Amino acid sequence: MNVERPIVHVVGARPNFVKAAPVLRALHERGAAQVLIHTGQHYDSAMSDVFFVDLGLPEPHVNLGVGSGSHAQQTAAVMAAIEPVLLEVDAGALVVYGDVNSTLAAALVATKLSIPVVHVEAGLRSFDMAMPEEVNRRLVDQISDLLLITSPDAAVHLGREGIAESRVRFVGNPMIDSLFRLRERFTPDEVMRDAGVAGSFAVTTIHRPSNVDDPARAAEVVEMLHRVADELPVVIPLHPRGRATLLATGLDRHSSLRIVDPMGYQQFLSLVSGATVVVTDSGGIQEETTMLDVPCITVRDSTERPITISHGTNRLMDLDAVPQAVREVMAGEWRPSQHRPPLWDGHAGERCAEEILSLLDRSNASR
Ligand code: UD1
């Protein structure tokens, strides 16, 4: 038995960094040997480096530098590049986060190398297989040895897909640990001043392929945002995906819309914490607004995070319903749930760490 085989974490894109930081920290506090691999799926400084600094993530052992490409190219590039690294470091377990292409690619390689796979944020389902993330989630869950879930509904989905209950643990939401940890450092006034807003304002993030890839749909999104900007100033930290299409359809042609570069974690959540309302198609922001008590309008047909509707501030909406909903928020007619999702308490990283160490013990014992 070799107890020194490290726990290997794989991150690639913004939402991964926020979930991984508390788990790495908790395992570090427990003296675990760890290796962090960055796939390089996100590579711009504003999409990656600033998150490492804000979240106190350690320097990655290696950056695979895969960059952008089609889904097949990106997934294949991560697979080919990560296999020799997992062998070189003699991984004792692989921990993957969320649902991005890097998550699937790494899990697939580790499984075939007989390295136990841990999936943090398992079991979320939008039931929309047109979303690349839904494909990634379902496949990763099938091949994971330990599935760490953020909300009880995930256990139901996994059970229906034939995944044994003994592989599933309800640990809460490590993304919320990051929010709690940095909350004291939020500086809404400063970030609002930099973005040129004061008083009431909206924050918008739009980057889903379903909203930005097709120019006709992008034009409808832009029209909706202009109607919202008729009501109050809107700040849009613009993700590189869709930037060209949204600008070509006239996004910037409204005097109350402020288009800014993508923000770091602390800067972005500072802005959100001061906002009147958020309009988004993101996954994680539905959760963060729930904890910050900021009304969240999600412009998608489905959500893999229904707990943010039953226990938070989130509502799903068609584009044409958004301006009226914003007016209702501004009139104080929006009544979010008084409940908070269970175990979103700032200690999920510690529970993840305990479960991962138990898995390693079991795996070492059976070697
Ligand atoms: C990915 C995730 C998505 C997540 C999002 C968070 C998948 C399938 N999707 O989407 O679930 O919500 O990250 O941001 O993994 N680009 C840059 N600089 C970068 C990274 C990307 O300019 O640092 C541009 C490139 O033009 C690239 C495009 O953004 O083609 C999309 O990047 P990609 O990694 O393919 O997916 P995201 O849309 O970022």
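**Entry 1: strand β8**

I looked up Ala-202 and found it opposite Val-234 in β9. The model is a predicted one, where local features need pLDDT of at least 70, side-chain atom pairs count only at pLDDT 80 or more, and totals for chains, interfaces and linings use all residues. Residues are numbered from 1 along each chain as its sequence is written, and side-chain values use heavy atoms, with hydrogens and water left out.

I noted how elements are named: helices (H or I, at least four residues) and strands (E, at least two) are DSSP runs, numbered from the N terminus. Two strands pair if DSSP finds at least two bridges between them. I saw that β8 (residues 202–205) and β9 (residues 234–237) pair in the parallel sense over two bridges. β8 also runs parallel to β11 (residues 277–280), and four bridges join them. Thr-204 has Val-279 as its bridge partner in β11.

Are the two faces of β8 covered or open? Both are covered. Ala-202 and Thr-204 are buried on one side, Val-203 and Thr-205 on the other. Here buried means under 20% relative accessible area, exposed over 50%, and partly exposed in between (1.4 Å probe, protein chains only). In a regular strand, side chains alternate between the two faces of the sheet.

**Entry 2: domains**

I found the protein divided into domain 1 (7–173 + 344–365) and domain 2 (184–330). These bounds come from an automatic or database domain assignment. Taken over C-alpha atoms, the domain centres are 27 Å apart. I checked contacts next (heavy atoms within 4.5 Å). In domain 1, 24 residues are in contact with 22 residues of domain 2.

**Entry 3: the largest pocket**

I wrote down the rule. On a 1 Å grid over the protein atoms alone, a pocket is an open set of points where a 1.4 Å probe fits, with protein on both sides within 12 Å along at least five of seven lines; lining residues have an atom within 4 Å of a point. Points are joined across faces, edges and corners, and a volume is the space filled by probe spheres set on them.

The largest pocket holds about 1000 Å³ of space. I counted 46 lining residues, and Arg-14, Pro-15, His-42, His-207 and His-239 are the closest to its centre. Elements giving two or more residues to this lining include α1 (14–29) and α3 (71–89). By class, the lining has 19 nonpolar, 16 polar and eleven charged residues. Ala, Val, Leu, Ile, Met, Phe, Trp, Tyr, Cys and Pro count as nonpolar, Asp, Glu, Lys and Arg as charged, and the others, Gly among them, as polar.

α5 and α9 (209–212) each give two or more residues. The largest share, three residues, comes from α9. I sorted the lining into five nonpolar, three polar and six charged residues.

Last, I looked at Glu-133, which lies in helix α5. Glu-133 is buried, with a relative accessible area of 17%. Leaving aside neighbours within four places in sequence, Glu-133 is in contact with Asp-99 and Arg-208.
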